[in-house]
Amino acid sequence: MKSCGWGFFFILAQGVRDVMAMNRRPLVWFAFIFVLGSCAAAGLGLHGTLYAGGAAVLLAVAAVLGRQASKGLAIICLLGFCVAAGERLWADSRNVTELQELLEVAESEGPRTAYTVHVSGTIISTVEVDGDRAQFRLEAAAIQVADEKPLVMRGERLMVQLRLAAQPEQGIAAAWQRGDQVRVDGELSLPAKATNSGGFDYRRYLRSQGIHWLLKSKGAAALAVEAPAAEAFSAASLYGRVDAARAWLGARLDYLYPPEQAGYMKGLVLGIREDLDPEQFNQFARLGLTHILAISGLHVGVFMYALTGLLKILRQPRERILLFLLAAVPFYVLLTGASPSVLRAGLMAMLGLVAARMGKLKDGLHLIAAAAVVLLLFNPYLLNDVSFQLSFIVTLGLIIGVPPFRRAMPIWRRGSWVLDLVAVTVVAQLVSFPVTIYYFNQFNLLSLLANFVLVPFISMIVMPAGAGALVLSMLWPWGAKLIANLSVIANDGSFAIIGWLADQSIFRQVWGTPSMWWVAAWLLLIGSAFRRLGRGNARLVKDGHPAAQPEQGEETALLQTEETMLLRDRQSGIYGYGSSITEKRSRVYRPLIIHALIAMLLLVYAYIPDALDRTATVSFLDVGQGDAALIRTASGKHILVDGGGAISFRKPGEEWRDRSDPFEVGSKVLVPILKDRGVHRIDLLILSHMDTDHIKGLIAVVEEIPVKRIWWNGTLRSSEDSSRLMEAAIRADIPLYAPIAGERWSLDHETHLDVLWPAERMSDIPVIKDQNELSLVVAIQLYESRFLFTGDISVRTEGEIVRMTRERLMVPQEPIDMMKVAHHGSRHSTGNEWLAYWRPSGAVASVGATNTYGHPHPDVLGRLEAAGVVLWRTDTGGEARFQVSGKGISAFQK
């Protein structure tokens with residue numbers, strides 16, 4: 001799992017830099033040093049934190065000697081650093097399981113290790129029922145392993161995954177709620193670690209939430225409710241009542257909106273995203289619009305605006321309105337799920353309301369600084385949360401960047417709100433860009449347009465209409481239905497626009513995960529540009545020229561002078577610019593050209609960081625019980641051999657088991673890995689054969705990443721996966737080739753492919769069920785090293801390939817450097833004749849850690865060992881990666 005908490009620190013550093021140029025603000029300085037301490041402890045550990053602390057001391061001494069800060073402020077800031085770092089280190093030291101002995105055994109024995117347990121505890125999260133799975137978090141009070149004596153727990157948290165046995169059990173599981181005291185029987189196991197470089201680390205993710213174990217059970221009967229939440233009084237039971245209220249409100253939206261829109265409106269109004277259509281969410285994600293569905297400052301602002309308007313209609317005085325808002329905001333935060341983004345927005349709103357009531361409201365930078373400190377004191381692990389980082393970074397960027405950016409824009413007599421919206425949208429895109437590509441590895445060039453047009457429309461029309469219809473439905477259902485019907489029309493229009501924009505694949509870009517120095521450099525560069533804009537505007541004002549539209553509440557006397565002169569110019573009707581002001585603006589903003597050039601260099605480097613790297617790489621990815629290999633050639637081109645895929649054993653009548661967003665190797669593993677590694681295009685996609693465990697994951701690949709050409713064995717299989725893949729390839733207009741033995745093709749000067757099988761081309765495209773013996777077998781040469789990809793052929797086909805190759809070459813076969821073990825190590829593959837002919841130095845077995853086929857078979861392991869072949873296995877070691885150059889091969893394993 002990635003972590004970009006330092007990005008928060010860098011943007012805050014820029015904010016402090018700007019503050020230093022204008023005025024001293026103790027609270028902002030304290031927050032800066034506090035976040036620095038938390039970042040240091042999170043990313044550097046104890047020793048690194050001590051070094052960072054030494055740097056903070058030097059910074060404080062320099063500030064005091066430079067008369068930028070008093071001794072008292074320096075001491076308080078250093079105490080803040082110590083408190084933040086100490087809190088995070090203390091939290092890390094306590095974030096360990098109480099079952100240490102079981103943990104040590106499970107880590108040594110591997111992923112198959114599981115313990116039969118009986119657990120008593122309290123449900124501490126909402127119960128998510130999706131298809132045949134119910135999932136929730138449990139705080140254990142006691143754990144009994146097998147028939148041993150129960151162990152009393154002091155807060156061990158477990159992630160419970162319960163597989164339902166029959167459809168009626170969905171209703172039973174839906175009745176479970178947060179706060180219920182339950183007893184669960186099941187198997188205790190460790191969460192999966194990342195087995196591919198750059199892959200999702202589920203164990204690390206759960207650890208950040210204080211969870212170290214999975215508890216897997218079968219059937220609703222495995223859980224017994226010992227004390228319902230209604231009979232208990234605890235924080236969990238109170239949250240359970242909030243969950244019930246959210247569910248009730250969600251049901252009201254189900255009544256008001258058609259099924260295809262109800263999930264969207266629940267996400268938009270209440271922050272309930274469980275019922276959101278995954279494909280619809282993906283469309284929003286492609287355009288960078290998912291922030292609309294995350295309750296944040298936008299939603300809190302609309303809520304406060306609507307409530308303020310209502311109270312004004314009721315003729316309430318200002319003081320009473322502030323008190324009402326102060327009481328209502330926490331309720332709204334709880335009701336919308338209390339995610340990190342809404343916690344940040346709600347806390348900033350409450351702090352602002354308190355400051356306004358006391359007459360001490362200064363600006364947003366103080367509010368966000370205080371909110372950061374409070375939230376990190378409450379939970380230091382929020383620093384690693386993506387939504388927390390994005391929420392704070394974007395908000396900080398808007399506070400720091402929008403005023404100077406807007407002042408650099410022209411003044412319009414009418415429609416100035418359009419320029420305001422442009423400034424907010426552009427600044428938000430610039431600031432969020434590095435974090436977006438760091439975590440999500442994609443950016444859409446239409447994102448700016450989509451955010452500019454759709455965010456105001458949805459936030460100012462659709463969302464208030466949905467919230468209003470929800471409230472009105474409790475008093476006047478018919479009127480609520482009328483409002484909802486109008487918003488349904490608006491939704492249809494916005495969905496059509498979003499769908500069309502999201503389908504414009506030419507504008508979608510894949511960005512590999514940049515390094516942290518790049519993220520820091522981008523944020524500091526953007527901050528420097530904003531600062532330069534501010535100084536340039538101020539200099540133009542000092543020369544007596546209008547630089548931009550006046551802003552209210554500026555912090556410095558210089559900017560107040562600018563505002564006064566702008567107002568004077570407005571009164572005298574001066575809106576245009578003469579040649580002198582154009583020349584002066586050119587001189588003032590000329591340094592921004594340098595910023596733009598540096599930004600271009602950073603973008604080029606981030607997009608193709610390995611442009612000068614002439615090392616080829618072959619990665620056998622862990623996709624479970626399936627095959628997938630990614631090859632990067634010396635010239636930077638990419639070959640993908642197969643794509644894995646889980647075989648479904650679903651029976652007719654079990655459609656209820658299907659989940660709304662099921663785990664699928666292509667979308668959950670393969671595509672994220674390709675994007676993480678910056679694969680902008682696949683130059684050659686090789687389908688060894690049409691079995692599900694080789695091609696199902698490629699459906700998502702073809703839909704998400706451009707593919708230049710496909711090689712396949714020239715046949716089809718009567719299966720849904722085969723049909724979907726071919727349909728996706730045809731829609732994408734990808735050329736398909738069916739090569740045969742003896743053909744040779746060069747992708748670049750150092751990459752050559754030799755086809756070894758099948759022996760002859762089909763006269764048509766037959767539909768064949770048993771595909772194994774028709775696998776496309778290819779030898780790929782990178783520099784002087786050769787890799788053999790064998791599909792799922794058996795010993796019989798291996799013998800035919802050996803005989804054909806001998807007859808064609810008429811000379812002894814050169815040894816193969818690396819071989820993919822055929823058919824995942826099946827007993828009937830990788831025979832002695834095959835190994836003797838190719839004489840591989842190494843081999844890779846692509847197998848699932850929990851496969852039930854017994855792969856790789858002991859006979860195959862014995863034959864490989866007897867032949868002196870070094871074996872890499874994806875089930876025990878994860879991804880096997882080989883770097884190839886003119887000097888040979890270097891091997892790595894995750």
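Histidine 823 has its place in the loop between strand E20 (818–820) and helix H27 (832–838); helices (H or I, at least four residues) and strands (E, at least two) are DSSP runs, numbered from the N terminus. This is a predicted model, where local features need pLDDT of at least 70, side-chain atom pairs count only at pLDDT 80 or more, and totals for chains, interfaces and linings use all residues. Residues are numbered from 1 along each chain as its sequence is written, and side-chain values use heavy atoms, with hydrogens and water left out.

**Backbone spots to look up**

- Most residues other than glycine have a negative phi, and most peptide bonds are trans.
- Histidine 823, a residue other than glycine, has a positive phi near 50°.
- Asparagine 441 is not a glycine either, yet its phi is positive, at about 55°.
- You can find asparagine 441 in the loop between helix H15 (416–440) and strand E8 (442–444).
- Asparagine 441 is buried, with a relative accessible area of 4% (buried means under 20% relative accessible area, exposed over 50%, partly exposed in between, with a 1.4 Å probe and protein chains only).
- The peptide bond from tryptophan 757 to proline 758 is cis, with omega near 15°, and proline 758 lies in the loop between strand E17 (751–757) and strand E18 (777–782).
- Another cis peptide bond runs from histidine 855 to proline 856, with omega near -10°.

**Aromatic rings**

- Rings of Phe, Tyr and Trp (its six-membered ring) pair if their centres lie within 6.5 Å; planes under 30 degrees apart count as stacked, over 60 as edge-to-face and the rest as tilted.
- By this rule the count comes to 28 aromatic pairs.
- The ring centres of phenylalanine 136 and tryptophan 176 are 6.4 Å apart and their planes are at 75°, so this pair is edge-to-face.
- Phenylalanine 136 sits in strand E3 (residues 133–145) and tryptophan 176 in the loop between helix H5 (169–175) and strand E5 (181–189), 40 residues apart.
- Phenylalanine 136 is buried, with a relative accessible area of 1%, and tryptophan 176 is buried too, at 7%.
- Ring pairs also link Phe433, Phe443, Trp511, Trp518, Trp522 and Tyr607 into a cluster.

**Two helices side by side**

- The axes of helix H16 (residues 447–472) and helix H17 (residues 477–502) come within 9 Å and cross at roughly 160° (axes are lines fitted to C-alpha atoms, for helices over the stretch in contact, and angles run from 0 to 180 degrees between N-to-C directions).
- H16 is therefore roughly antiparallel to H17 (angles under 35 degrees count as roughly parallel, over 145 as roughly antiparallel, 65 to 115 as roughly perpendicular and the rest as oblique).
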